[in-house]
Amino acid sequence: MRNQTLVTEFILQGFSEHPQYWLLLFICFLSLYSVAVIGNVLIILAITCNPGLHTPMYFFLFNLANMDIICTSSIMPKALKGLVSERNPISYGGCMAQLYFLTWSASSELLLLTVMAYDRYAAICHPLHYGTMMSKAFCSVLAAGVWALCAVNTAIHTGLMTRLNFCGPNVITHFFCEVPPLLLLSCSSTYVNSVMIVLADAFYGILNFLMTIVSYGFIISSILKMRTSEGKKKAFSTCSSHLIVVCMYYTAVFYAYISPVSSYNPEKSKLAGVLYTMLSPTLNPLIYTLRNKEVKAALRKLFPFLKN
């Protein structure tokens, strides 16, 4: 180890193996990034400026929009730069920072989706006690707990990553700094990192998913017991948007992460990365806006020219 030079910067491979698609990818990624940021900012403004949307469901949606902005903004500027230059270096510190903010926002989103499922469970299965179950103080504690728990978890994973030695090669087979390709580049033992990744996968990917499924099991059961078709339609409309987002996000996460580091596939990981760092933050505001009359009304009130 003493005779080896430690890496001070990494090279993001990005999509350099497909130069013929650089222009097309740049236009697509820039469009997705623009729509994601603008859409989520509009949701934040609509919820903030409209007192009628100061309810638990929209409070969590407000947090989700912030997470989406952090997630896509930690990745896209560097990814776009890589599509207009032949070489895309990133400093060691910059790589660790990107890894931290991406993991923080992505894990927070998984945990928040579970919290939002519980909110819909309380609203549909216990409507008379909803105000008590989802009080303002309790919702604040849940949201703060999501941000704080994921920040601590991410700090642990990033801290373990900084303990590793990287002696070269330094080419990351991805368009952003990601845990699996970084572990493959390490020239020191990654056993502890691998154990922590398995534990994180079990908690975020499996336990959270099961809790969400259980919540929706109770929700569907309650909807089916409703006597009127109008009541069933109204109840389902309040959770359909969230259910679509859950399915879309977990599909990308399972595709990317529920597999050992040793079986890492660069092309598969890049596709999954596009799904949860670009496509999901772009579609979330569209799904919640297009399928929600209250949000659309708030946006029209905020921007009167949208009424035409």
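Visitor: What percentage of residues 138-156 is helix and what percentage is strand, and how far apart are the end C-alpha atoms?

Guide: Residues 138-156 are 100% helix and 0% strand, with their end C-alpha atoms 27 Å apart; helices (H or I, at least four residues) and strands (E, at least two) are DSSP runs, numbered from the N terminus. This is a predicted model, in which local features need pLDDT of at least 70 and side-chain atom pairs count only at pLDDT 80 or more, while totals for chains, interfaces and linings use all residues. Residues are numbered from 1 along each chain as its sequence is written, and side-chain values use heavy atoms, with hydrogens and water left out.

Visitor: Which residues does UniProt list as "transmembrane region"?

Guide: The unreviewed UniProt entry lists residues 20-45, 57-77, 97-118, 138-156, 202-224, 236-258 and 270-290 under that name; the positions are given in the numbering used here, feature names are shortened, and annotations may be inferred rather than shown by experiment. For residues 202-224, the model gives 100% helix and 0% strand, with 31 Å between the end C-alpha atoms.

Visitor: What span should α1 have, at 1.5 Å a residue?

Guide: Helix α1 (residues 22-49) has 28 residues and should span 40 Å, which agrees with the 40 Å between its end C-alpha atoms; the expected span is 1.5 Å times one less than the number of residues. Helix α2 (residues 56-73) agrees as well, since its 18 residues should span 26 Å and its end C-alpha atoms are 26 Å apart.

Visitor: And how many residues of α2 are buried?

Guide: In α2, 13 of the 18 residues are buried, so the helix is largely enclosed by the rest of the structure. Buried means under 20% relative accessible area, exposed over 50%, and partly exposed in between (1.4 Å probe, protein chains only). In α1, the buried residues include Trp22, Leu25, Phe29, Tyr33 and Ala36.

Visitor: Isoleucine 70 then, buried or partly exposed?

Guide: Isoleucine 70, which is in helix α2, is partly exposed, with a relative accessible area of 26%. Not counting residues up to four places away in sequence, isoleucine 70 touches Phe101, Ser105 and Trp147, where contact means heavy atoms within 4.5 Å. Its C-alpha atom is 7.4 Å from that of leucine 102, which is 32 residues apart from it in sequence.

Visitor: Switching topic: how do the axes of α4 and α6 cross?

Guide: The axes of helix α4 (residues 92-125) and helix α6 (residues 136-162) come within 8 Å and cross at roughly 145°; axes are lines fitted to C-alpha atoms, for helices over the stretch in contact, and angles run from 0 to 180 degrees between N-to-C directions. The crossing is right-handed, a crossing being left-handed if the near helix is turned anticlockwise from the far one by less than a right angle, and right-handed if clockwise. Among the residues that meet are Tyr92, Met96 and Leu99 in α4, and Phe138, Leu142 and Trp147 in α6.

Visitor: What does glutamate 109 touch?

Guide: Glutamate 109, found in helix α4, is buried with a relative accessible area of 0%, and, leaving out residues up to four places away in sequence, touches Leu64, Met67, Asp68, Tyr249, Ser280 and Asn284. Methionine 116 also lies in α4 and is buried, with a relative accessible area of 5%. Apart from neighbours within four places in sequence, methionine 116 is in contact with Phe60, Leu61, Leu64, His242 and Tyr288.

Visitor: In what order do the three strands form the sheet?

Guide: The three strands form an open sheet in the order β2-β1-β3, with mixed pairing, where two strands pair if DSSP finds at least two bridges between them. β2 and β3 are at the edges with a single partner strand each, so one side of each is left without a neighbour in the sheet. α4 packs on the sheet, touching β1, β2 and β3, and its direction makes about 85° with that of β2.

Visitor: Which sense does each pairing have?

Guide: β1 (residues 9-12) and β2 (residues 89-91) pair in the antiparallel sense over three bridges, and serine 91 in β2 is the bridge partner of glutamate 9. β1 and β3 (residues 171-172) run parallel and are joined by two bridges, with isoleucine 11 partnered by valine 171 and leucine 12 opposite isoleucine 172.
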